[in-house]
Amino acid sequence: MFTNEEISKFQHIPTPFYYYDLALLKKTLDIVIKESVQFNFKVHYALKANANTEMLKIISAYGIGADCVSGNEIIKAIECGFVKHDIVFAGVGKSDKEINTGIDQGIFCFNCESMAELEIINEQAAVKNKIVDIALRINPNINAKTHHYITTGLEENKFGINVWELEDVLMLLKSLKNINLIGLHFHIGSQITDMSVFKGLCIRINEIQQWFSEHKILVQHINVGGGLGVNYEQPDNNLLADFETYFRIFNDFLELFPGQKVHFELGRSIIAQSGTLISRVLYIKKGITTNFAIIDAGMTDLIRPALYHAFHKVENITTDSSEVRRYDVVGPICESSDCFAKALNLPITKRGDLIAIRTTGAYGETMASQYNLKDLAKAVYSL
Ligand code: LLP
């Protein structure tokens, strides 16, 4: 994965740090554009996956829109070159301040998640004497077959408006004069690797569209959210997600009415493989049945393993040993869950070795914290 030149460069950089492969990011974006533009699909990048300034500038230069979930993400997206009118704003709990940011910036669309929210957006828009475009985030009640913390399309989730509420929503919309319904929005979860789930989503959207057409409503925009998964187990064999199959499924199975435009909100699949968390071994400690490799990166830098039991490939990139030992690779934080790998076979590992934690470009840096008052890991970019 890394050249000798890169590894010798790493030796001089304070660890831990996120290393971003900009060439891979650009290659990924080239494919995203190629595979989506052929169907006239519009992709919005989900900033929550990685809001690093350098990465955002590269992504926005591809003419991709932005998917934001806070007022600060909206501001950051604009600062980094995303076009205001290509920004969608989702989230179950938009504050009044954030709603006002969206209105003032003239974003493309608010993805609304409840009737209560519709009323507040209408109220805020009325104060400014504006009419705001909105999409209804509908909960399609589809199982994304992924980790239950990142499944969002089931009725019991807090996200979206349930189908059985739609009659009431339409009634309400008639009375709200400062909002304008332009789209339907769906997002069923993240790290979805079973492509048949997306086909199921298309079929469900077709049914829901049928319902709207029976109610004489035709929206111009269908936003199908994000969720395309990446390969955490074998990143080197799958540095690029299967965008070709993904977009083709929507082209083949989504039944559109004339003039409708399809939008996507992709985060992880655009950025995950471009990032690696590089850390240094501080100590090797003998346990009863295992050895602990204690590294200087912790759950404060990358919380996914502790929070979701997520797997990330862990590699020793500097050892010259051909002998293998079994290690628990753990961080320095005062929590037992601060563990990146259990019973992992690694070449004999010693203090000072560099450890690469792979596929950490998405939901790595953005989810970092300063628990234990640890420093935040810096970002380093490939040339
Ligand atoms: N659109 C909406 C409305 C979302 O909630 C999300 C992610 C996305 C788009 C982007 O999904 P993606 O293409 O990245 O799968 N922290 C978790 C993932 C949380 C995802 C939240 N929503 C993780 O580390 O796995």
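Author: What follows is a set of questions about how particular labels were reached. The model is predicted.

Reader: What makes the protein as compact as a globular protein of that length?

Author: Start with the content: 11 helices and 17 strands. The radius of gyration is 22 Å, close to the 21 Å that the globule rule gives for 383 residues, so the protein is as compact as a globular protein of that length. The C-alpha trace spans about 70 × 40 × 40 Å along its principal axes.

Reader: How many of the contacts in the protein with a separation of 6 or more join residues 24 or more positions apart?

Author: The share is 72%. As for burial, 55% of the 383 residues count as buried. The protein exposes about 17,000 Å², and carbon and sulfur atoms supply 52% of that area.

Reader: And the charges? Where do the centres of the positive and negative sets lie?

Author: They lie 4 Å apart. The sets hold 37 positive and 44 negative side chains.

Reader: Why is Asp 67 called buried?

Author: Buried means under 20% relative accessible area. Asp 67 has 2%, so Asp 67 counts as buried. Its place is strand β3, residues 65-68.

Reader: What does Asp 67 contact?

Author: Setting aside neighbours within four places in sequence, its contacts include His 44, Tyr 45, Ala 46, Leu 47 and Lys 48. Glu 73, Val 88, Ala 90 and Glu 265 are also in contact with Asp 67.

Reader: What makes the pairing of Asp 67 with Lys 48 a polar contact?

Author: A polar contact needs N or O atoms within 3.5 Å. The two side chains meet at 3.5 Å, and the pair counts as a polar contact.

Reader: Asn 345 next. Why is Asn 345 called partly exposed?

Author: Asn 345 has a relative accessible area of 48%, so it is partly exposed. Asn 345 lies in strand β15, residues 339-347. Beyond its neighbours within four places in sequence, Asn 345 is in contact with Val 324, Arg 325 and Arg 326.

Reader: How far apart are Asn 345 and Glu 165?

Author: C-alpha to C-alpha, 52 Å in space. In sequence they are 180 residues apart.

Reader: Which residues of helix α3 are buried?

Author: In α3, residues 53-60, they are Met 55, Leu 56, Ile 58, Ile 59 and Ser 60. Their cover includes the helices α2 (22-37), α4 (71-79) and α10 (268-271). The strands β1 (17-20), β2 (42-46) and β17 (378-381) are also among the covering elements.

Reader: How do you know that Asn 52 caps the N-terminal end of α3?

Author: By a distance: a side-chain oxygen of Asn 52 lies 3.0 Å from the backbone nitrogen of Glu 54.

Reader: What kind of peptide bond joins Thr 15 and Pro 16?

Author: A cis bond, with omega about -5°. Pro 16 sits in the loop between α1 (4-10) and β1.

Reader: Which phi does Thr 359 have, and is Thr 359 buried or exposed?

Author: Its phi is positive, about 55°, although Thr 359 is not a glycine. Its relative accessible area is 0%, so Thr 359 is buried. The residue belongs to the loop between β16 (354-357) and β17.

Reader: Why does Tyr 363 count as buried?

Author: The cut-off for buried is under 20%. Tyr 363 has 15% relative accessibility, so Tyr 363 counts as buried. Tyr 363 also has a positive phi of about 55° without being a glycine. Its place is in the loop between β16 and β17.

Note on methods:
Residues are numbered from 1 along each chain as its sequence is written. This is a predicted model: local features need pLDDT of at least 70, side-chain atom pairs count only at pLDDT 80 or more; totals for chains, interfaces and linings use all residues. Side-chain values use heavy atoms; hydrogens and water are left out. Buried means under 20% relative accessible area, exposed over 50%, partly exposed in between (1.4 Å probe, protein chains only). Helices (H or I, at least four residues) and strands (E, at least two) are DSSP runs, numbered from the N terminus. Contact means heavy atoms within 4.5 Å. A polar contact is a pair of N or O atoms within 3.5 Å; within protein, one must be able to donate a hydrogen and the other to accept it, and residues adjacent in sequence count only if both atoms are side-chain atoms. The radius of gyration is taken over C-alpha atoms; the globule rule is 2.2 Å times the number of residues to the power 0.38. Accessible areas come from the Shrake-Rupley method with a 1.4 Å probe; for residues, only the protein chains shown count as cover. Lys and Arg count as positive and Asp and Glu as negative; His and the chain ends are not counted. The place of a charge is taken as NZ of Lys, CZ of Arg, CG of Asp or CD of Glu.
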